[in-house]
Amino acid sequence: MQIKKEAPSAVEAAMELTAVMAVSQIAQQEKKPETEVLKSFMNSNTAKMLFDDETKLWHNGPAYVAYEYLKECKRRKNRGSKIRCNSRVKSDHRFQPDFFR
């Protein structure tokens, strides 16, 4: 018996693509492996808001999502949170993903 998996909706696909592009930008700026950044990002409140369709955070694009993640990391660092974020992320609104790596 074969189980059919539904394709993600256009909104879900946009959310996922935004996350991937934001993580790629952060990893490039931090000079860290994308897998390491992805783990940290997916445990963040920013990721939770990104994947909540009611917030429409994905409308703002990957540079803004990376910026929001930076703000969250800065707040956590100031509060002494044990959850580690990549703290040196800079927002670059001119970011263009390199799909041909």
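Predicted model: local features only at pLDDT ≥ 70, side-chain atom pairs only at ≥ 80, totals over all residues.
# Helices and side-chain pairs

Tyr 67 counts as partly exposed, because its relative accessibility is 32%.

Residues are numbered from 1 along each chain as its sequence is written, and side-chain values use heavy atoms, leaving out hydrogens and water.

**Helix α1**

Start with α1. Helices are DSSP runs of H or I with at least four residues, strands are runs of E with at least two, and both are numbered from the N terminus. Helix α1 covers residues 10-30, which makes 21 residues. From first C-alpha to last, α1 reaches 30 Å, close to the 30 Å expected at 1.5 Å a residue. The expected span is 1.5 Å times one less than the number of residues.

Several α1 residues are buried, including Met 15, Thr 18, Val 23, Ile 26 and Glu 30. What do the buried residues of α1 pack against? They pack against α2 (34-42), α3 (45-50) and α4 (62-79). Contact here means heavy atoms within 4.5 Å. Just after α1, Lys 31 has a positive phi of about 55 degrees.

**Salt bridges**

How many salt bridges does the structure hold? It holds four. In each, a side-chain nitrogen of Lys or Arg lies within 4 Å of a carboxyl oxygen of Asp or Glu. The table gives some of them.

| Salt bridge | N to O distance |
|---|---|
| Lys 56 and Asp 53 | 3.3 Å |
| Glu 68 and Lys 71 | 3.2 Å |
| Glu 72 and Arg 76 | 2.6 Å |

Lys 56 sits in the loop between α3 and α4. Its phi is near 55 degrees, a positive value in a residue other than glycine. Lys 56 is partly exposed at 36%, and Asp 53 is partly exposed at 33%.

Glu 68 and Lys 71 are about one helical turn apart, because they lie three residues apart in α4. Glu 68 is buried at 11%, whereas Lys 71 is partly exposed at 30%. Glu 72 and Arg 76 also lie in α4, four residues apart, about one turn of the helix. Both are buried.

**Thr 46**

Thr 46 belongs to helix α3. Is Thr 46 buried or exposed? Thr 46 is buried, with a relative accessible area of 2%. A polar contact of 2.6 Å joins its side chain to that of Glu 72. Such a contact is a pair of N or O atoms within 3.5 Å; within protein, one must be able to donate a hydrogen and the other to accept it, and residues adjacent in sequence count only if both atoms are side-chain atoms. Leaving aside neighbours within four places in sequence, Thr 46 also touches other residues, among them Phe 41, Leu 57 and Tyr 69.

**Aromatic pairs**

The whole structure has two aromatic pairs. The rings of Phe 41 and Tyr 69 have centres 5.5 Å apart and planes at 55 degrees, so this pair is tilted. Phe 41 lies in α2 and Tyr 69 in α4, so the pair ties together parts 28 residues apart in sequence. Phe 41 is buried at 0%, and Tyr 69 is buried at 0%.

The rings of Tyr 64 and Tyr 67 have centres 6.1 Å apart and planes at 40 degrees, so this pair is tilted. Rings of Phe, Tyr and Trp (its six-membered ring) pair if their centres lie within 6.5 Å; planes under 30 degrees apart count as stacked, over 60 as edge-to-face and the rest as tilted. Tyr 64 is partly exposed at 30%.

Conventions. Buried < 20%, exposed > 50% of the residue type's maximum accessible area, 1.4 Å probe, protein only.
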